[in-house]
Number of protein chains: 2
Amino acid sequence: MKLAVVGAGAVGRAVCSLAPEYGHTVVALSDSRGAAIDSEGVAFEDVLARTERGEPVGEETPDEALDAPYDVLVEATPTTLGNAEPGFSHVRRALARDRHVVLANKGPVAQRYGDLRSAQRESNGRVLFEATVAGAIPALSTIADLGAENVTAVRGVLNGTANFILSRMAAEGLDYEHVLTEAQDLGVAEADPAFDVDGTDAALKCVILANVLADATTADADATANDSTAAKDGSTTAGGSSGRTYTIADADVAGIEGVPPSALDLAAEDGRTIRLIGEVSDGAVRVGPRLVPEGGTLAVTGTQNIVQLETRHAGRLNISGRGAGGPETATAVLADVGRLESERGS
Amino acid sequence: MKLAVVGAGAVGRAVCSLAPEYGHTVVALSDSRGAAIDSEGVAFEDVLARTERGEPVGEETPDEALDAPYDVLVEATPTTLGNAEPGFSHVRRALARDRHVVLANKGPVAQRYGDLRSAQRESNGRVLFEATVAGAIPALSTIADLGAENVTAVRGVLNGTANFILSRMAAEGLDYEHVLTEAQDLGVAEADPAFDVDGTDAALKCVILANVLADATTADADATANDSTAAKDGSTTAGGSSGRTYTIADADVAGIEGVPPSALDLAAEDGRTIRLIGEVSDGAVRVGPRLVPEGGTLAVTGTQNIVQLETRHAGRLNISGRGAGGPETATAVLADVGRLESERGS
């Protein structure tokens, strides 16, 4: 498939680096200042050399990248709240050209799910977004495989930075500020860690999960109203034609900034520890520090993430792994690209 | 989809019970003595009443069920070793009619993978087998999603009975025979537990995983030789056209019968415990009792299973859940049926 990659951060660059191995060609790569476009495949090493010199990724304009002859737009610009721009407009522009979209950017799926569904219904393109929830963990495709209507609740550890900080605080008895500084030194936390530690990032992922689960209640209506097999085809897509959608405003969110070492000590005396747990159940989205059994399934350590699915017929399913990182998230993007390719082929 | 279910054990019955909820119709159900056939849908309550009275599932012959007007044959007869009969012949007969097959029976995939691939190549039907490895855990579809060529090793706890026994021995300091009897009383172990405790069942699952991973090395050759998108379509299928295949004879297998409570005590003193671990790596298949960290990822308790995938670009992925049970395994069967349906629809 021919890919246009919008956003040249860790994920965008990893997609460019791995795409050839997966049999795909990156025909355009843009950042906020410029774009490299080549229908035979962008010379990624040249791009890296340019960015190391502080230059834009290429000499074309970002706008030209959106007009490139691609099959799939990979939207990997930073997540924004509010109206999720400019990500949402990139998606709409691709769909208007009947092209597919694979999102790594959480904004459009978390903040404008209804608009995303509307735009998809008027297009021959599809929107997939496995990479928006928990990096390498195949949360959305597993939900699609089970049938979203068979998943009654989802909970988990969905932010590696917050989990690293809580794990270290518990293991070493250190306070929040100390461990945060350490995490920043290690590159585990960003210079501005607000979204990771205040629960926003985990909440956005939960909102996306809530949108996918809510879709299931409207999927039947959609299947009769719509020729496409979007709701049944083994991958999660923006599907339903009506029904409730969620944004971050619907989430009840608390972060880890207020967790004192003494709370972790008290928990440990009781065989428990504290994790930042996100949960979607009974139509509610909640994120906050919770007591969990020490050494238990949810008490993953370091930057690990875990997604726990409660199913109607198959009990509880746990999936843990790397929830962030360029190559890890890129594998989720490329799995979505693979799904789009196989649908085209079959 | 119209299903013919061959085998009326826990899995076959659960498929019949859940199929309507998934939008499918069971048009035939057979056991070794008889069959119930109805193109409008077998009356499953009547079947249950018959079997409770000790009668065959229906008045037709098992052979007639194989000629019923189905879209997908669900093969859920007991796993047999050697030439994997009669399961393999059921599969071949369905493929000869250009029908799809979904296997819960491990025999044909573990013992005759090459024959299975050959039969599939000559058919318009496809063979899927998610249910053969670890029940509700989506091991094979996750491997397909990642791309089998990106999975460098698989290991895990793949037999719930053996895991229950080892967990109980470690927790209570009881000996093997005592816990086995307890497990039989609870229905966790069968009257003849040989395949579970001697490692055979776990080894068959590992052999299936080894066959799927080995396929990846021949998938490229297959893709050029073959119009179908079988090797790339987001679900694991018997795909490659050549290359090594494995049977149980290729596995190095040890069971848990010889594990004394003293070994578990010694392990515990060192912060470790013992689990029956199956592993596929570097082309070798091994099953045996291994030391693992207590409370660590592989030390799942009770009848839980876990599958751990080592990936090329996304680190380690762990999936745990219920590895056996009628409804749990039936959900994997029905996920495969859903994949076949979406391919037909797209």
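With which residue does Arg339(B) form a salt bridge? I found Asp145(A), the closest N and O atoms being 2.1 Å apart. I took a salt bridge as a side-chain nitrogen of Lys or Arg within 4 Å of a carboxyl oxygen of Asp or Glu. By that rule the interface of chain A and chain B has two salt bridges.

On provenance, I note that this is a predicted model, in which local features need pLDDT of at least 70, side-chain atom pairs count only at pLDDT 80 or more, and totals for chains, interfaces and linings use all residues. Residues are numbered from 1 along each chain as its sequence is written, chains are lettered from A and ligands numbered from 1 in the order in which they are written, and side-chain values use heavy atoms, with hydrogens and water left out.

Next I looked up the extent of the interface. I read 38 residues of chain A in contact (heavy atoms within 4.5 Å) with 37 residues of chain B. The buried area, meaning the accessible area (1.4 Å probe) that two parts lose on being put together, summed over both, is about 2,800 Å² between chain A and chain B. Carbon and sulfur atoms give 50% of that area.

Last, I checked the cysteines. I counted zero disulfides over all chains, a disulfide being a pair of cysteine sulfur atoms within 2.5 Å.
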